[in-house]
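Please look through the sequence and the model below before reading on. The paragraphs that follow take the parts in turn.

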Amino acid sequence: MQDQTNCGMLSSLFVSLVSILLATNLFALSQAIPSESTGESPRSLLSNQAEHSEAPSSFSVFSPVKPQRLEEAYHPITPSQRLRWFVTGTVGPAHMPGVAFVSACGTTVNRPGEYGPHWTGFADRLGIGVAGSALGNAMEASGGLVLREDPRYFRVPQQRLRVRVGNVVRLTFLARSRNDGLKPAYARYVGVFGSNFLSNSWRVRSEANAQDALLRSSEGLAGRMAANAFGEFWPDLKKYFFHKRNQAAQQRLKNAE
């Protein structure tokens, strides 16, 4: 009975969060539409066209937001991009393997013990992890909409390695604002710490305490830093490996001739 109650609570919580986020983004989008009919500069019109070109269809909402560069001219995140950030950061292919890995590790060491070291325990841990991600991302995305904070990571691929690593760490705790400056990521702090403390209401008793909530919060910030590192360096690694693969394919063709 307790498991069914927890499952129902998780399901209703997830649906409620998605509904709230959708409503918030739709409201922001509706507020932005009238301003586009007023007189705007050519640069603003081009910016609006670029924003509308990324408006998600029924399927593209699951595609990640394109990587941005810190040194380029800043274009504030649109409501549709914020929605895509929420979806891909919760159930996207770049996020789910990490949640599954953490759940598998918890199942291997049987922590918390109430779930058990079996497939059912893994599924319980995975569900808890996804629900926590949904709650934290929804709080950050919605809070950032109000505070005008941009949750995206901004790369610096032309800089030295030390600068790039520093940027990964810095943008874990800072967020870009609409006025093109960096400020403390208050919405992120609320999302990370708030979601982990609120999740105590549906977690098993052995981990539903302040100490474990703080531990999960630190793990959440570490996970954000890892995601930043992935966003910073993966495009270069992908280009390198694809270049090597193409070179090998061309060499095989030459040898065949």
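Two strands are said to pair if DSSP finds at least two bridges between them. Helices (H or I, at least four residues) and strands (E, at least two) are DSSP runs, numbered from the N terminus. The model is a predicted one, in which local features need pLDDT of at least 70, side-chain atom pairs count only at pLDDT 80 or more, and totals for chains, interfaces and linings use all residues. Residues are numbered from 1 along each chain as its sequence is written, and side-chain values use heavy atoms, with hydrogens and water left out.

Start with confidence. The predictor's confidence in each residue is called pLDDT and runs from 0 to 100. For this protein its mean is 79, and 72% of the residues reach 70 or more. Helix α6 (residues 161–173) has the highest confidence, at 96, while helix α2 (residues 42–53) has the lowest, at a mean of 43. Over residues 33–53 the pLDDT stays under 50, and the model has nine contacts for them beyond four places in sequence; a contact means heavy atoms within 4.5 Å. Residues 55–59 are also below 50, with five contacts in the model beyond near neighbours in sequence.

Next comes the sheet. Strands of a sheet pair through backbone hydrogen bonds, either parallel or antiparallel. Here three strands form an open sheet in the order β2-β4-β5, with antiparallel pairing. The edge strands β2 and β5 each pair on one side only. Helix α6 packs on this sheet, where it touches β4 and β5, and its direction makes about 80° with that of β4. Strand β2 (residues 149–150) is joined to β4 (residues 174–177) by two bridges, and D150 stands opposite R176 in β4. On the other pairing, three bridges join β4 to β5 (residues 182–184). Which residue of β5 is the bridge partner of L174? The partner is P184.

Two helices pack against α5. Axes are lines fitted to C-alpha atoms, for helices over the stretch in contact, and angles run from 0 to 180 degrees between N-to-C directions. Angles under 35 degrees count as roughly parallel, over 145 as roughly antiparallel, 65 to 115 as roughly perpendicular and the rest as oblique.

The axes of α3 (residues 79–91) and α5 come within 9 Å and cross at roughly 160°, so α3 is roughly antiparallel to α5. On the α3 side, the residues in contact include W85 and F86, and on the α5 side they include A134 and L145. This contact has eight nonpolar, five polar and two charged residues. In this count Ala, Val, Leu, Ile, Met, Phe, Trp, Tyr, Cys and Pro are nonpolar, Asp, Glu, Lys and Arg are charged, and the others, Gly among them, are polar.

Helix α4 (residues 96–108) also comes within 9 Å of α5 (residues 119–147), axis to axis, and the two cross at roughly 135°. They are therefore oblique to each other. Among the residues in this contact are M96 and V99 of α4 and F122 and L126 of α5. By class, there are seven nonpolar, six polar and one charged.

Most residues other than glycine have a negative phi, and most peptide bonds are trans. N110 lies in this loop, and its phi is near 55°, a positive value in a residue other than glycine.
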